[in-house]
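The questions and answers that follow are meant for a reader who is meeting this structure for the first time.

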Amino acid sequence: MSSVINSTVEKLLKVTMLVSLSLQAFLLVLAPVRKWSRSNLIARFVWAFYLVADWIAATIIGQIIKSIVKGDDTKDNQDDHYSLWASFLLMHLGGPDTITSLSLEDNELWIRHLFGLILQVISAVFTLYRRGTKNRLLWPNILVFIVGVIKFGERTWALRLASLKKFGETNLPDPNPGPDYQEAQQVYSTMRTVHVKSTITEMMASTMSGGVSNYGHTQHISDNNQQSSQNLQELKLLKVAYAHYETFKGLIVGFLLSSKDRESSRSYFLHENAARAFRLVEYELSFMYQVLHTKAVVIHGIIGYSLRFITICFTVLGFLVFRFIGKHGFNKLDTDVTYVLFIGAIVLDTLSALKLFFSDFVLMGHMGNFISRLFIPKAIMQRKRWSKSVNQKDIISHCLAPKMEFKDMFVYLNKYGEFEVMKRILYNFSYWKPVDNHLKKLIFEELKDKSKKAINLREAMEACSQRGEAALLQNPSSYIKLKWSIGEFQYAESLLLWHLATELCYNDQANSSTSEGDKSCWKLFAERCCRTCVCQGHQDDHQSSVSDHRNICKLISNYMFYLLVNKSVMLAPIMGNWNIVFGDTCADANRFFEKHKLSRHGKVCAKILSVKPKIKSTAMKGERSKSVFFDACILAQQLQNEESQWKIMSQVWVEMLSYAAINCTPFVHAKQLSKGGELLTFTWLLMNHLGLGTQFVEQEHHAGTKMVTVI
């Protein structure tokens, strides 16, 4: 019986070694996808592979030690393979270059990984010591062991550097005690002060070499042909983005930037267009992701490149040594598994080297000009670095979705029918829509207008505190009628109020053939589950402009509601009593739907608008209910009477978006980088680049006086 168990364990050991290698391959391919994909399925796979890979490697090493300790002389050759496999598992524990952590919290646990590194190295050394000179695979074992220690060490060091403490320290300047006080005092006694002229422009011109202001304007790159020109333009943007990243990365750990950094970045972005600005921020956040979640910060450097060269050479050398060692007495299956492990390691290292060669850090370095002049496909230079989409969810679909248990399914089927129940279940799912150029342009132009008015830090702080008032003030008559919808409510209440009003206005103008309420079950399934978007064609001139503003209002409105419901952590600082307001509003809506027996989205909107309430809910219900259901109906009717309805609404929504972005904590923004990215995060960083952030400090300039020697 024991022999059967031992045989089973040996077979499982071989299988799990191949599984461990496969997990490394999956992580190498799938881990970068989470940077630009919103797929929950991919996120779950990466999560599972990441956790299982570490667990399975540690478990196998334990089983290998147990097998070697038994000291069965008839299986010495097999133990030689086992000892070599233990070194391979060190490589697997080091993981691929594309992922070191699942979340930012994992980086804070780098000490635990260091402890694991020490234990696993001791275990691998023990297997080498136990076999001693009897080990026929000693030299390939030593070579693979060195590679494993290097890779596991790289991962641990990358985790340490990505921890918030070390990440913040990299943004600190070198300590500067200034001139010796006593010596300066002696010199001061023989000198006097005179006034000299100085301007902000002169001080900005003295920005340190390599600073943000130098990148955008002083570097010129020649063009040879169209493909090369496109590559060089992307390379130039990449370099500018890296300069901004080096300046602004301290925002994540709460550092305050100087007013000089603010003016430098602000002056650059005020001269950019929306497409280039979003592209720059995309590059910048990509650098941030790579530093926080990959081995980029360890690999890119002389030491990192040298270690990577050593690991590849040692792996190939170990394979060659193993290839020419006599295999007499070795189990054929063990030998085949070892060959697979060697070949797999070489293939993975080769793929990693190719990724490294075309990585943003390499393209931005000294080799960037040379690489970009090669024929590189546009897909590589302009590869996606975020999802370029936003999730969508609306309150009416949320309320229409049945909150039922499985036992109530037959009751709903008899009451509504199969297709209607399926549609209402599908309302539970959020869906996404692409962030198009119209939305980018509107957001950037609105933020630029704010930035131009916010000359100093006090004005910038005031601009950041606006959550719709400034947009309404652009039309005084609209401000007088609509200011109650913002001034009389907390931010989350006002957002819910405007969201429901936007939903009513949008569906009131939608054609019956394209309104959401009349979508077929299969079309709704494609939108909610298959994530497909059916874009409507635009008309020309004025109609096109109105349609753009209308679609933008719908998109931002649904996006902000999705954040409130599904990612409330991003809006936590400004949520207020959101849960009470949301609960009361949903209860009010459900009672209204049940009373009028409504189940279709389009008919619900039409029925709500037909109510035409005249008195606000607070006057009717007092403090008993915080519902804004009928207040939204009042707001929708007022908005429909505005001449530039959708333009006003789009400006209000951009201001609400920017208010939420600047009030979301930087750490939470950073956490979204491994989840496909968020438009809210892009807006936050754009605002800071335009000088609209709250993490700037006034820097006094002492250039107005100068010390001169008294003669």
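Contact here means heavy atoms within 4.5 Å, while helices (H or I, at least four residues) and strands (E, at least two) are DSSP runs numbered from the N terminus. This is a predicted model in which local features need pLDDT of at least 70 and side-chain atom pairs count only at pLDDT 80 or more, whereas totals for chains, interfaces and linings use all residues. Residues are numbered from 1 along each chain as its sequence is written, and side-chain values use heavy atoms, with hydrogens and water left out.

Q: Which element of the protein has the lowest mean pLDDT?
A: pLDDT is the predictor's confidence in each residue, from 0 to 100, and the protein averages 84, with 80% of the residues scoring at least 70. Helix 37 (residues 679–689) has the highest mean among the elements, 97, and at the other end, with a mean of 38, stands helix 9 (residues 200–205).

Q: Over residues 194–224, how many contacts does the model have beyond near neighbours in sequence?
A: The pLDDT is below 50 over this stretch. Where pLDDT is low, the predicted coordinates should not be read in detail. With that caution, the number of contacts in the model for residues 194–224 is 51.

Q: How are helix 32 and helix 34 oriented to each other?
A: Axes are lines fitted to C-alpha atoms, for helices over the stretch in contact, with angles from 0 to 180 degrees between N-to-C directions; angles under 35 degrees count as roughly parallel, over 145 as roughly antiparallel, 65 to 115 as roughly perpendicular and the rest as oblique. The axes of helix 32 (residues 601–611) and helix 34 (residues 629–640) come within 9 Å and cross at roughly 85 degrees. Helix 32 and helix 34 are therefore roughly perpendicular.

Q: Which residues of helix 34 does helix 32 meet?
A: From helix 32, the residues taking part are Ile608, Leu609 and Val611. Their partners in helix 34 are Phe629, Phe630, Cys633, Ala636, Gln637 and Gln640.

Q: At what angle do helix 35 and helix 37 pack?
A: Helix 35 (residues 645–663) has its axis 8 Å from that of helix 37. The contact joins residues including Leu657 and Ile662 of helix 35 to others including Leu679 and Trp684 of helix 37. The packing angle is about 80 degrees.

Q: Which residues does tyrosine 242 contact beyond its neighbours within four places in sequence?
A: Tyrosine 242 is found in helix 11 (residues 226–248), and its C-alpha atom is separated by 9.6 Å from that of leucine 285, 43 residues apart along the chain. Leaving aside those neighbours, the residues in contact with tyrosine 242 are Phe287, Phe361 and Met364.

Q: How far apart are the end C-alpha atoms of residues 305–325?
A: Over this span the chain is 95% helix and 0% strand. The end C-alpha atoms of residues 305–325 are apart by 30 Å.
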